[in-house]
Amino acid sequence: GLDPQLVDWILRWGYHGLFEERSFSAFWNANIYYPHPNTLAYTESLLGLHVFYGPLRLVGVDPFAAMYATLAAVCVSGAGLTHAALSRTGYFTLLERAIVTFGAHFSLCVVSYLYHYQLVGMYLAPSFLVFAYLYLRDFHMLDLMGVCGTFAWGSAITIYMGPFLLAMSMLVVFPLVLYRFHEMGFRGVRERVRWRASLAMATGW
């Protein structure tokens with residue numbers, strides 16, 4: 001398919017804009033559909049992949065090798081975050097966490113869509129959902145940072161991951177939200193959440 005060539009071009013252009021031109025304007029003004037501005041927004045920008053791709057290119061790694069190393073790094077990072085989130089639940093042994101993490105990230109039903117490289121942001125979805133559960137269970141700031149961080153990073157890689165995660169979180173987390181309101185009441189939940197959410201937004205999470 002054409003996905004690898006498209007992703008390679010997007011990443012090369014992103015590297016040019018962010019690390020050679022050092023300009024977000026140059027990043028968005030891709031060399032397509034001239035004279036229209038901000039044409040990289042017409043497709044996936046893959047901005048979140050430059051967490052790994054940019055530094056790899058800076059140290060001289062070949063563009064194709066940097067692309068595949070970046071995709072692998074995101075997959076491994078997503079699995080690591082899921083494993084860490086599962087360990088915070090207190091429900092699973094080490095072996096059980098490893099099995100669940102492997103199934104969530106490397107089972108056939110998951111890896112089958114990796115032919116579409118731009119969907120690699122979906123590897124952050126399992127950790128997002130577990131962190132969301134943890135935050136609603138414990139109201140811990142670290143879990144809120146995990147929710148916001150995985151949502152922001154995943155959406156910066158795969159733009160439609162944002163609506164997807166919002167829909168999934170409503171289906172998965174909604175019963176827990178109802179339980180919390182039943183247990184603590186609206187005022188109690190509001191007081192527990194308000195200052196943590198304000199702090200998270202103030203710090204950019």
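This is a predicted model: local features need pLDDT of at least 70, side-chain atom pairs count only at pLDDT 80 or more; totals for chains, interfaces and linings use all residues.
I started with what Thr 82 touches: leaving out residues up to four places away in sequence, I found Thr 101, His 105, Pro 126 and Ser 127, where contact means heavy atoms within 4.5 Å. Residues are numbered from 1 along each chain as its sequence is written, and side-chain values use heavy atoms, with hydrogens and water left out.

Next I looked up where Thr 82 sits: it is in helix α4 (residues 63–89). Helices here are DSSP runs (H or I, at least four residues), numbered from the N terminus.

Buried or exposed? I noted Thr 82 as buried, because its relative accessibility is 2% (buried means under 20% relative accessible area, 1.4 Å probe, protein chains only).

Then I checked the side chain of Thr 82. It makes a polar contact of 2.7 Å with the side chain of His 105, and it reaches the backbone nitrogen of Ser 127 at 3.3 Å. A polar contact is a pair of N or O atoms within 3.5 Å; within protein, one must be able to donate a hydrogen and the other to accept it, and residues adjacent in sequence count only if both atoms are side-chain atoms.

Last, I turned to the helix pair. Among the α4 residues that meet α5 I listed Cys 75, Thr 82 and Leu 86; on the α5 side, Thr 101 and His 105 are included.

Terms used: Helices (H or I, at least four residues) and strands (E, at least two) are DSSP runs, numbered from the N terminus. Buried means under 20% relative accessible area, exposed over 50%, partly exposed in between (1.4 Å probe, protein chains only).
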